[in-house]
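The following report describes a two-chain model, moving from one chain to the contact between the two and then to individual residues. Please read it alongside the sequence and the coordinates.

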Amino acid sequence: MPLTYAAIATTTVGAGGTSAITFNSIPADYTDLLLKFSLRSTSTNSTVLLNINNSSSDFTGRDLYGNGSTVTSNNYSANYSGYQSVSTNTTSAFGSGELYIPNYTASTNKSYFVDAVSETNSSTAYSGIHALLWAQTSAITRLDISMFGGNLAQYSTATLYGINKS
Amino acid sequence: MAIVSIKNKTKSGSLLVGNSYNIPPAFESISTATGTGSSGTITFSSIPSGYKHLQIRSIATSSSSYGMIRFNSDSSSNYVSHFLYGDGSSASATGLTGLTSLYGPRADNSTYFSVGIVDILDFDSSTKYKTIRVLTGQDANGSGLIMVNSGLWLSTSAITSITINTQSGNWATTAQFALYGIKEL
């Protein structure tokens, strides 16, 4: 049976937190990449950042998100890749998200998709879907996921999977 | 010491002797369940450890609006849900606290199927409250909803059982639920 869904690596943030979770030397063995993450920021900004091949340049995106009461859609020129829980959210509450990058080894610009949510014991939390473009043509060999303006709190996790078409 | 392949007689310094290394699949079926027509409850019990994440996929008809998710039979007010949804003409967002179960996949039409995918990351963590993320919706030939929902179970207990209850009535015999385990390396 062909291997179509393979775990590549997992990181769990230790005591004291960390500035980013890095997946380096990503093998070119798969068709697509899937990153599942459960994060909490040490700051009050819920925005997830994704650097590709150590670059935060040439990203554009658009999103649709709600905060528990209103709905908004934006477009932006940045690597904003979803929302996760923050320091002011309920203790022990973490976000949940998934980031899908098809054709990550292709020599074309890379499009990817994110669905991600923050959570807390309040009526206010963020749920959103995000479509992004990284306008560079290099094969993706490195991903860094982090939070805008803060560190990743202890027990934040990210797991990278390789997806094959056959 | 050179290793000789029994299969093709090649020599190698590796025990793999020219064969590619084996990576086990990360996405596995744990269990499936089908509605009985006489019960409003679907149960996945004795969920094994050994996985990093869980995913539920559903296709369902019922007279309920949602499948309501409860973990480890906890019926106290330990649940929070948030919704982002559109009905084909407008979009809205809502948050609810103090719930006795989480809003899961849609299941609100007795004729047209609703579809849902529920992700439960770090389900056996003993340090994190459990967050679910739900993509769900249906088109009922003139009405319907598309939703991105989330939910929080205010507990650090590892999830060992999941029940999905209708809000009223029974699961149709055509309602199907599948529980998958997703491994880490």
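Two strands are said to pair if DSSP finds at least two bridges between them. In that sense, S9(A) and S10(A) are antiparallel partners joined by 8 bridges, and within this pairing A:Ser111 stands opposite A:Leu133 in S10(A). The model discussed here is a predicted one, with an ipTM of 0.96 and a pTM of 0.93. For chain B the average pLDDT is 91, and 88% of the residues score at least 70.

**Strand S9 of chain A**

S9(A) also pairs with S8(A), again in the antiparallel sense, over 5 bridges, and here A:Leu99 stands opposite A:Val114 in S9(A). Of the 8 residues of S9(A), 6 are buried, so the strand is largely enclosed by the rest of the structure.

**The nonpolar core**

A:Leu35 belongs to the largest nonpolar core, a set of 81 residues in which A:Leu33, A:Leu35, A:Leu143 and A:Ile145 have the most contacts inside the core. Although these four residues are from chain A, the strand that gives the most to this core is S7 of chain B (residues 79-86), with 5 residues.

**Contact between the chains**

How many residues of chain A are in contact with chain B? There are 37 of them, and they meet 35 residues of chain B. Several strands of chain A each supply at least two residues to the side that touches chain B, among them S3 (32-38), S5 (59-66), S8 (96-102), S9 (110-117) and S12 (157-163). S1(A) gives the most to this side, with 6 residues. Sorted by class, the side of chain A that touches chain B has 15 nonpolar, 18 polar and 4 charged residues.

**The architecture of chain B**

Chain B has 14 strands and 0 helices, and buried residues make up 40% of its 185 residues. Among the contacts in chain B between residues at least 6 apart in sequence, 72% join residues at least 24 apart. Eight of the strands, in the order S3-S14-S5-S10-S11-S12-S7-S8, form an open sheet whose pairing is antiparallel. S3 and S8 (91-99) are the edge strands of this sheet, each pairing on one side only, and neighbouring strands are turned by 15° against each other on average, direction ignored.

| Strand pair (chain B) | Bridges and sense | Residues standing opposite |
|---|---|---|
| S3 (27-34) and S14 (176-182) | 7 bridges, antiparallel | B:Phe27 and B:Ile182 |
| S5 (53-60) and S14 | 7 bridges, antiparallel | B:His53 and B:Ile182 |
| S7 and S8 | 7 bridges, antiparallel | B:Tyr79 and B:Leu99 |

**A glycine in strand S14 of chain B**

B:Gly181 has its place in strand S14 of chain B. Is this glycine buried or exposed? With 20 C-beta neighbours inside 10 Å, B:Gly181 counts as buried, because the cut-off for a buried residue is 20 or more other C-beta atoms within that distance. Leaving aside residues up to four places away in sequence, B:Gly181 touches B:Glu28, B:Ile30, B:Tyr51 and B:Leu54. B:Gly181 and B:Pro48 are 133 residues apart in sequence, yet their C-alpha atoms are 8.8 Å apart in space.

**Two asparagines with positive phi**

A:Asn53 has a positive phi of about 50° although it is not a glycine, and is found in the loop between S4 (47-52) and S5 of chain A. With 16 other C-beta atoms within 10 Å, A:Asn53 is partly exposed. In chain B, the phi of B:Asn141 is near 55°, likewise a positive value in a residue other than glycine. B:Asn141 lies in the loop between S11 (130-139) and S12 (144-153) of chain B, and this residue is exposed, with 9 other C-beta atoms within 10 Å.

Definitions and conventions: Residues are numbered from 1 along each chain as its sequence is written. Chains are lettered from A and ligands numbered from 1 in the order in which they are written. This is a predicted model: local features need pLDDT of at least 70, side-chain atom pairs count only at pLDDT 80 or more; totals for chains, interfaces and linings use all residues. Two residues are in contact if their C-beta atoms, placed from the backbone, lie within 7 Å. Helices (H or I, at least four residues) and strands (E, at least two) are DSSP runs, numbered from the N terminus. Ala, Val, Leu, Ile, Met, Phe, Trp, Tyr, Cys and Pro count as nonpolar, Asp, Glu, Lys and Arg as charged, and the others, Gly among them, as polar. A residue is buried if 20 or more other C-beta atoms lie within 10 Å of its own, exposed if 12 or fewer, and partly exposed in between; C-beta atoms are placed from the backbone. A nonpolar core is a set of buried Ala, Val, Leu, Ile, Met, Phe, Trp, Tyr and Cys residues joined through C-beta atoms within 7 Å. Axes are lines fitted to C-alpha atoms, for helices over the stretch in contact, and angles run from 0 to 180 degrees between N-to-C directions. pLDDT is the predictor's confidence in each residue, from 0 to 100.
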